[in-house]
Amino acid sequence: MRGIGMKQYGGIQQLTEMEWTTKPIGSDDVLISIKASGVNPVDWKVREGLLQADFPFELPLILGWDAAGTVTAVGTNVQDFQIGDDVFFRPELEREGTYADEIVVPANIVAPMPHGLSYAEAASLPLVGLTVWQALVEVGKVQAGEKVLVLGGSGGIGSMAIQLAKALGAYVATTTSSKNSDFVRELGADEVIVYDQGPLHTSTRFSFMLDTLGGEAYGDAIKFMRRQGRVATIISERDAKKPSFAEVAEKERELDVTFVFTRPDGVNLNHIRALVEAKNVKPILTKVYPLTLEGVRDAHLFSQTGRVRGKIVLVHS
């Protein structure tokens, strides 16, 4: 396989082209020719070494946790896929990520690509789709009619969360900047709480919150939660330290707070595929770069601005 990754931790100058032998296909695996790869903040956090304490990656490492492509070989036990199938997936990142031309992954973490999508659109979905499904459905158990608050509604996770929460029948509010208010309303947000026009304010009280921001933003939003509400957060202490007043508020409101780290799951991806095909969820692409060394570097720099609306994708030319 040929790909783009790093041999040591650091800035974008550490990104480099790599080549090594693709691992053999096991009986339960598929070999996928990658057509497009999503870009996520976790990619540059891994590159910079910010996750070393939790994930001792073996270097060198090809980056990338999102992809869409075509099955080119199947293991002897694989029943659900055949050569030529278009699929999308989120791999386990050990040494071989999706900034590459091909990859071998277990068939049970793969799903058929949603009908009507391009490879770029499909590649934007796995990580955000899985994260939001596992946060809202598995952790949050969000039901129709519930009031849901999504922090950071214009980003990759937030934009998907608004759409899924609406598909589940919830009332959805989200925080965002004033310039993104129309964008999140178009995604289905019932209420927009802007953070750049004074202190956050809403009279709504929420039974579930998805936290994509952490830190002070999370602390400011806790006051809108009902007693014994549920919170799913994708922000760990290494990303943004929780203010002490937030911890006090969690206890006072008896909130059930769960950290979500996304796992690969083909069954969950099939749920996302069904939602896309039913037009309940759509991919939001903000920028497409070539899957080249220069393209990856530009994509990381853009992601690091923290001002990305929707998803960034890399495509093979």
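1. The crossing of helices α3 and α4 is right-handed in this predicted model. Helix α3 spans residues 126-139 and helix α4 residues 156-167; their axes are 9 Å apart and meet at an angle of about 50°. The two helices are therefore oblique to each other.

2. The contact between these helices involves Val128, Gly129, Thr131, Val132, Trp133, Leu136 and Val137 on the α3 side. Their partners in α4 are Gly156, Ile157, Met160, Ala161, Leu164 and Ala165. Classified by residue type, the contact of α3 with α4 comprises ten nonpolar and three polar residues, with no charged residues.

3. Arg47 belongs to helix α1, residues 41-47. Its relative accessible area is 1%, so Arg47 counts as buried, the cut-off being under 20%. The Arg47 side chain forms a polar contact of 3.1 Å with the side chain of Glu48. Beyond its neighbours within four places in sequence, Arg47 is in contact with Met6, Tyr9, Gly10, Gly11, Ile12, Leu15, Leu63, His300 and Gln304.

4. A cis peptide bond, with omega near 0°, joins Leu59 to Pro60. Pro60 is located in the loop between α1 and β4.

5. Gln228, in strand β13 (residues 225-233), has a phi of about 60°. Gln228 counts as exposed because its relative accessibility is 56%, against a cut-off of over 50%. For Lys279, phi is near 65°; this residue lies in the loop between α8 and β15. Lys279 is likewise exposed, at 72% relative accessibility.

Technical notes
Residues numbered from 1 in each chain as written. Predicted model: local features only at pLDDT ≥ 70, side-chain atom pairs only at ≥ 80, totals over all residues. Heavy atoms only, no water. Axes fitted to C-alpha atoms, helices over the stretch in contact; angles between N-to-C directions. Helix = DSSP H or I, 4+ residues; strand = E, 2+ residues; numbered from the N terminus. Parallel < 35°, antiparallel > 145°, perpendicular 65-115°, else oblique. Left-handed = near helix turned anticlockwise from the far one by under 90°. Contact = heavy atoms within 4.5 Å. Nonpolar A, V, L, I, M, F, W, Y, C, P; charged D, E, K, R; others polar. Buried < 20%, exposed > 50% of the residue type's maximum accessible area, 1.4 Å probe, protein only. Polar contact = N/O pair within 3.5 Å; in protein donor to acceptor, adjacent residues only side chain to side chain.
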